[in-house]
Amino acid sequence: MQSKYSIFCNHSCFSLADFLEVDSDSEEEEEEEEEGNLDPGPSMHFLSLTEETQYPTWKKTLLRRSKEAEMKRFCKAQAIQRRLEEIEVTFRELEKQGIKVEQSLREEAGTESELKKQWMNQLLTLIQKKNSLMSEESDLMIDVQELKLEEQQWQLDQELRRYYNLEDSLKTSEDYESEKIILSQLVAIVNQRSALIEMQERKRLSELSELSMHQ
């Protein structure tokens, strides 16, 4: 049965070798490129003849960086998936332990024995562990959303780059409209990512405040 925490990724069918596959004969040329050549922007169609001969190398560099970023997202998604599954297993174990402790406490009901105090302390420890796991699970789910938004932003960036690389004289009204829509979508994604960061910060401050109250 598939875990309820499964992370669906458009590139999940790729192996890590797919992400790492890069032309080895272009690596030295790529390392020597200046940073300014990596983002030609809208004026790419005004490149000189010498710069145009370097475009294949620039393209390989862009492809390599794209694959590296994609591999990082893929590996992070796998790590989150594994940890969420571990948390789910630990939850079940804590619940089983909690049921046993509660049964023991019921058996000691009405008494003030030392054993009852031990059961009570053990129950409180289990509750603290469960709350800690729930907090971690919440952080991981935010990370999942961040990965999805990062992937969407990357795809939109690629689409926008294609329009930027077109000469204005060759653009149609549909091209301009598509470019406008993509820009709007990018702004929305950036705002969503900012909201996630703010959510994480509020959560962190809330946990710190709660921790200080119990000290």
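**View 1. Contacts of Leu140 in the predicted model.** Setting aside neighbours within four places in sequence, Leu140 is in contact with Ile80, Arg83, Leu84 and Ile87. The model shown here and in the following views is a predicted one.

**View 2. The largest nonpolar core.** This core has 14 residues, of which Ile80, Ile87, Val101, Leu133 and Leu140 touch the most other members. At least two of its residues come from each of helix H3 (49-107) and H4. The most is given by H3, with 8 residues. Another core lies apart from this one; it is made of 9 residues, including Tyr163, Ile182, Leu186 and Ile189.

**View 3. Leu115 in helix H4.** Leu115 belongs to helix H4, which covers residues 114-164. With a relative accessible area of 38%, Leu115 is partly exposed, because the buried class requires a value under 20% and the exposed class one over 50%. Between Leu115 and Leu105 there are 8.9 Å in space, C-alpha to C-alpha, and the two are 10 residues apart in sequence.

View 4. Met120 has its place in helix H4 and counts as partly exposed, at 36% relative accessibility.

**View 5. Glu146 and its contacts.** Glu146 is also found in helix H4. Its relative accessible area is 18%, so Glu146 is buried. When residues up to four places away in sequence are not counted, Glu146 touches Arg193 and Leu196.

Definitions and conventions:
Residues are numbered from 1 along each chain as its sequence is written. This is a predicted model: local features need pLDDT of at least 70, side-chain atom pairs count only at pLDDT 80 or more; totals for chains, interfaces and linings use all residues. Side-chain values use heavy atoms; hydrogens and water are left out. Helices (H or I, at least four residues) and strands (E, at least two) are DSSP runs, numbered from the N terminus. Buried means under 20% relative accessible area, exposed over 50%, partly exposed in between (1.4 Å probe, protein chains only). Contact means heavy atoms within 4.5 Å. A nonpolar core is a set of buried Ala, Val, Leu, Ile, Met, Phe, Trp, Tyr and Cys residues joined through side-chain atoms within 4.5 Å.
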